[in-house]
Amino acid sequence: MRKSSGWPGFAWARRRTGVSGFGGLPPLSGLAPLGGLPPLGGLPPVRPRGSLGALRVRPLVRPLARVRSLRQFDWVALSAVLGLGVTGLLLVSSATRVALMQAGADPLTYLKKQLLNLVIGLILMLTVGLLDHRKLREYSPLAYIGALVGLLAVLSPLGTSVNGARAWISLPGGFQVEPSEYAKLGLILMTARVLGDVRTADRRPGLPDVAIALACAVPVIGLVAAEPALGVTVLLMILLAGLIVLSGTRLRWLALLGAAAGGVVLGAWWLHLLKPYQLQRLTAFVNPGADPSGAGYSAAQAKMAIGSGGLLGQGLLHGQLVAGNFVPEQHTDFIFTVAGEELGFVGAVIIIGLLGIVVVRALLIAARADDQFGTLVAGGIAIWFAVQSFINIGMTIGIVPVTGLPLPFVSYGGSAMIADMLAVGMLQSIHRRQSRVPVGRSAARP
Amino acid sequence: MSRPSRWRLAVMSVVSVTLLIVLAARLWYVQVDTGGRYASLAHQEQLRTVLVPPVRGQVLDDTGRPLAANRPSLVVTVNVTELSRQRDGGRAELWRLAALLGIRDRLLQNRLRLCTALVSQPCWAGSPYQPIPVRQDVPERIGLQILENQEQLPGVAALVQPVVSYPGGASAAQMLGYLQPITAQEERQRHLRLTGLASADLVGQSGLEAEYDADLRGVPGTQFVAVNAAGAVTGTIATARPVPGSDLVTSINARVQAGAERALATAIHKARAEGNLGATTGAAVVMTTTGHVIAMASYPSYNPAIWTRGISERQYKELVDAAGGEPILNRAVQGEYAPGSTWKVTSAAAAVAADYSLAGPYSCPGSVRIGGRTFYNDNPANSGAMSLHTALVASCDTVFYELAYDIWRRDDQKANVVTGPHAPVQKMQQMELAWGFGKATGVDLPDESAGTVPTRAWLYRFYTQHKKLWCRQGNQFGSYVQRIEYQDCRYGNIWEPGQAADAAIGQGYVTVTPLQLARAYAALANGGTLYRPRIGAAVVRPDGRLVRRITPPVAGHLPVSRQVLAYIRNALADVVTQGTAASAFSGFPLSKVCVAGKTGTAQVAGKLATSVFASYAPCVHPRYVVVMMIPDSGYGADVSAPAVRQIWDGIYGLEGHWAALTGGLLPSGLPRLITRAPASHATAAGRRTR
């Protein structure tokens with residue numbers, strides 16, 4: 001092993017975890033090193049450890065313990081998430097208010113719905129955050145199966161098409177679920193599970209592990225691509241690639257995989273696997289003026305809205321283009337245009353900054369995670385948020401083709417919000433686990 | 001955690017942060033560096049300019065009573081383009097709308113068709129892209145139903161618009177004129193700022209509404225409205241208020257106008273009751289001796305409100321139907337009638353100008369023979385020798401026949417025979433032209449007729465125009481008209497002594513408009529100043545500020561000395577007391593108001609005489625002139641003179657009438673106008689059909 005010379009930003013983090021004596025060795029590596037795909041239901045029980053185990057016996061003390069657990073949350077990340085969520089509420093309200101008023105409906109309808117989404121998301125986030133993250137590892141196959149089932153249901157008569165993509169399941173009571181949002185979580189958990197429990201001597205996943213991970217990912221990505229949801233497909237591919245890279249797979253294997261991926265992309269191009277509208281979106285990105293009423297319209301309008309925001313913006317609820325509903329889907333995928341026009345450069349950069357805090361904190365949590373599974377999950381989540389934010393914001397300012405990806409925590413939508421919050425919950429859970437190491441903490445303060 | 005993971009995490013962090021920095025950098029470029037460009041692009045994108053129709057000015061009488069007023073009205077319009085987009089071409093929708101508005105489906109469809117050479121009213125004269133008004137004064141309840149059922153009635157809108165109303169009904173209809181949507185041609189010519197709303201972009205098409213359109217119409221306001229991607233208005237950004245049109249204060253007195261119309265109608269009805277069924281039309285003019293028109297009546301009339309409600313085919317036919325009297329014509333300025341003996345004032349002046357003495361004596365036989373034709377006086381007995389005074393008072397035709405013949409004989413004979421476009425004008429006609437006949441008066445009304453003074457040059461033009469017709473129809477042994485045509489075909493270009501004689505008593509080729517006659521008598525009465533008559537008195541802003549006063553410009557001066565004019569006026573005063581109008585004015589309180597005038601009975605081939613009476617009052621320092629002309633009705637003294645007497649009664653409040661003018665005087669200043677608040681019609685234009 002080479003001498004570890006960490007990245008400066010992670011030095012103190014490594015100290016904290018490193019001094020604890022784990023030395024990067026997954027503490028539970030001996031518990032379930034079954035290798036490959038664990039048989040469903042055949043997992044050995046995870047033995048409770050620490051306070052969590054004790055709590056099981058003394059349920060009366062649990063609430064108090066929970067409060068203590070809350071203190072172990074990553075409040076920096078959580079504050080950023082809350083900030084984004086509240087900003088999202090305001091922007092969603094601004095984006096939908098005028099149209100709702102014109103339709104004679106309650107102008108706060110979307111605000112209320114999004115508030116409900118946020119509250120449900122926060123509750124789920126707290127619930128997941130209070131779980132031991134090893135429980136997540138245990139449940140990850142379930143999450144994976146659940147995502148697969150959801151994606152299959154989309155193709156069944158339960159599925160609903162919106163804007164040409166069959167991506168939603170209609171539930172009774174007017175609720176709609178977008179399984180591709182949960183597929184992101186499922187893929188991260190499953191891949192982390194497969195690549196996190198490697199049996200090889202140098203703790204790097206070998207080709208068999210990668211092959212299993214790919215085998216697990218292909219149905220998910222395939223089903224999403226079949227919807228078709230180009231944005232999510234691309235995101236899932238990047239996620240998978242990122243996780244494989246993060247898992248420590250040898251560079252030569254990575255090179256091989258990269259070559260294979262390139263072949264697949266070329267093949268898709270040759271075999272016309274892309275839908276015409278997807279191709280059109282891609283070409284419209286290159287030349288938005290070519291078709292201002294069609295594919296390029298969204299891009300051009302979005303750029304115009306953001307551009308007209310200037311340095312300080314028009315002021316919340318004062319965006320003229322927002323009020324005119326010029327940008328399609330301005331409350332969901334194009335919510336950033338509302339921020340751009342109404343809050344200006346300053347407000348938009350603050351949103352980017354908040355997203356940056358979440359991503360960087362997620363990466364920190366990944367670096368500090370006490371097992372490889374935690375590192376991969378947190379790292380995957382970081383990649384997810386970073387890439388999705390980049391694609392979403394990028395498409396509104398004309399550096400990325402227009403695809404259907406929401407802005408994490410900000411865009412209107414229940415499935416996205418809940419999936420994002422579940423991810424934050426997982427981050428908290430992983431964070432709690434490593435931050436409970438008392439030695440590390442004291443050692444961190446010389 | 002394995003080392004490679006940590007390394008790779010570090011790389012990933014760098015990548016993530018870089019991505020975010022790229023976003024921020026790009027944002028800086030889009031929002032701050034080039035933000036201004038996008039902002040202005042966005043501005044064009046989201047803002048629409050909507051022109052807000054201004055309130056049109058009113059036409060008021062001299063005391064401020066509205067002749068043409070504006071009132072708000074709920075108007076239902078149909079967007080034909082929107083209609084045609086429907087599967088059945090909007091058939092079902094029109095049916096629903098007709099039921100809702102309570103009009104027949106057929107009528108609704110007719111109002112929406114476009115006017116062409118073959119399609120006449122009701123039809124749409126404006127642009128097919130504008131919403132077409134189909135019904136005005138719609139009850140609010142129905143307007144709300146239309147607005148609420150937009151999915152049932154796409155392209156149908158209900159909006160408040162100012163609508164012209166006519167408090168006087170049919171009174172002064174032709175003089176006021178009417179409004180119609182601007183035509184494409186006018187749009188090109190006049191460069192008006194239009195609102196695009198057809199029912200608001202009205203222009204005056206005749207009468208005062210056309211003449212003073214620029215003053216009355218006002219300037220549309222501009223409303224910058226934010227619109228959404230669907231084109232629906234989401235809010236108003238800025239408003240430049242429309243400038244309401246100015247009011248036109250006229251010199252018309254609504255009561256004198258009403259009185260003149262009543263007198264005119266009564267005279268015509270009476271003539272018909274007496275069996276003169278040809279008496280169907282006529283005109284009367286009341287004006288000051290300084291050129292302001294006080295009343296202008298044309299019979300028959302119509303209610304101009306039919307224009308604003310969307311005229312029906314039947315109504316339009318009635319307006320332009322010659323058999324129905326063509327009520328659309330303003331006969332006071334467009335009717336050309338033979339003036340008869342009222343013309344003799346010019347002939348007398350011409351005789352003096354040609355060095356004939358006023359005192360005479362001139363013989364007044366029962367008939368004279370001129371140029372192979374016998375000309376009869378109305379009175380068959382020989383009245384003996386008389387002065388021009390008596391000739392005017394008794395209206396002796398033969399005196400003027402002889403005078404005209406004498407002038408003709410003394411004139412250049414070659415010019416009489418060889419007429420041409422530049423033939424010299426005979427003395428008689430010189431005087432007639434100098435009195436303002438034979439050319440438009442220049443009154444502030446469009447489409448005025450010029451009348452005819454038969455000069456030799458005119459005769460030449462007339463001959464070249466009609467020679468073919470005369471030669472085809474003329475018959476040496478046919479009817480009276482055919483015999484004349486036969487002669488005219490051969491000798492029509494020769495200025496014969498008979499024509500000169502006819503012209504001297506206001507017959508033959510001579511025609512005048514009632515207004516021409518009135519202003520000539522005004523000139524006679526005021527001492528010789530010929531004015532261009534004016535109906536407008538002032539243009540006043542809605543807040544009461546005076547824009548400009550309108551005074552009748554001087555068109556010229558009669559080439560007649562004051563003494564001669566006074567001599568003629570004396571004669572005209574005697575006409576009423578002892579002359580041809582004495583019977584018509586018997587019992588009239590001349591001691592209170594001395595009226596002077598001249599009767600005219602112009603014989604027209606194949607018809608009854610045109611009855612004319614031209615008068616002014618008071619005899620000393622005359623203020624007003626009243627003229628009436630009723631063709632095909634009978635003697636001037638029998639038909640027109642009693643009606644004119646009635647008008648004088650109304651003006652001064654004599655013989656049981658209410659005085660229209662207190663003390664016989666016009667209001668000294670401009671009326672104090674009730675300040676109109678600049679009414680906002682923003683709602684009318686603010687709503688746009690998608």
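Visitor: Where in chain B is the place of P300(B)?
Guide: Residues are numbered from 1 along each chain as its sequence is written, while chains are lettered from A and ligands numbered from 1 in the order in which they are written. The peptide bond from Y299(B) to P300(B) is cis, with omega near 0°. Taking helices (H or I, at least four residues) and strands (E, at least two) as DSSP runs numbered from the N terminus, P300(B) has its place in the loop between strand 12 (293-299) and helix 12 (305-308) of chain B.

Visitor: What is omega for the cis peptide bond that joins A617(B) and P618(B)?
Guide: Here P618(B) sits in the loop between strand 22 (610-617) and strand 23 (624-630) of chain B. The bond joining A617(B) to P618(B) is cis, and its omega is about -15°.

Visitor: Is A172(B) buried or exposed?
Guide: A172(B) is part of the loop between strand 5 (156-165) and helix 7 (173-176) of chain B, and its phi is positive, about 55°, although it is not a glycine. A residue counts as buried if 20 or more other C-beta atoms, placed from the backbone, lie within 10 Å of its own, as exposed if 12 or fewer do, and as partly exposed in between. A172(B) has 31 other C-beta atoms within 10 Å, so the word for it is buried.

Visitor: How many other C-beta atoms lie within 10 Å of F409(A)?
Guide: F409(A) is a residue other than glycine with a positive phi, near 70°. Its loop runs between helix 15 (372-396) and helix 16 (414-435) of chain A. F409(A) is buried, because the number of other C-beta atoms within 10 Å is 27.

Visitor: How many residues does the second, separate core have?
Guide: A nonpolar core is a set of buried Ala, Val, Leu, Ile, Met, Phe, Trp, Tyr and Cys residues joined through C-beta atoms within 7 Å. In the largest one, of 155 residues, those that touch the most other members are A284(B), V285(B), V286(B), A404(B), Y521(B) and V627(B). Leaving out residues up to four places away in sequence, Y521(B) touches A614(B), Y616(B), V625(B) and V627(B), a contact being two C-beta atoms, placed from the backbone, within 7 Å. The second, separate core includes A80(A), A213(A), I306(A) and A419(A), and its residues number 126.

Visitor: By what angle are neighbouring strands of the five-strand open sheet of chain B turned against each other on average?
Guide: The sheet has the order 12-11-23-22-21 with antiparallel pairing, where two strands pair if DSSP finds at least two bridges between them. Strand 12 and strand 21 (596-602) of chain B each have a single partner strand, so one side of each is left without a neighbour in the sheet. Axes are lines fitted to C-alpha atoms, for helices over the stretch in contact, and angles run from 0 to 180 degrees between N-to-C directions.

Visitor: What angle does helix 11 of chain B make with strand 12 of chain B?
Guide: In the sheet, strand 22 of chain B is joined to strand 23 of chain B by seven bridges, and S615(B) has V626(B) as its bridge partner. Helix 11 (residues 254-273) packs on the sheet, touching strand 11 (282-288), strand 12 and strand 23 of chain B, and its direction makes with that of strand 12 an angle of about 30°.

Visitor: How far apart are the axes of helix 9 and helix 15 of chain A?
Guide: Residues of helix 9, including L235(A) and G242(A), meet residues of helix 15, among them G380(A) and W384(A). The two helices pack at about 145°, and the distance between their axes is 9 Å.

Visitor: What is the mean pLDDT of chain A?
Guide: In chain A, 73% of the residues reach 70 or more, and the mean pLDDT is 77. Over residues 288-293 of chain A the pLDDT is below 50, with 11 contacts beyond near neighbours in sequence. Where pLDDT is low, the predicted coordinates should not be read in detail. For the chain as a whole, then, the mean is 77.

Key. Predicted model: local features only at pLDDT ≥ 70, side-chain atom pairs only at ≥ 80, totals over all residues. pLDDT = per-residue confidence, 0-100.
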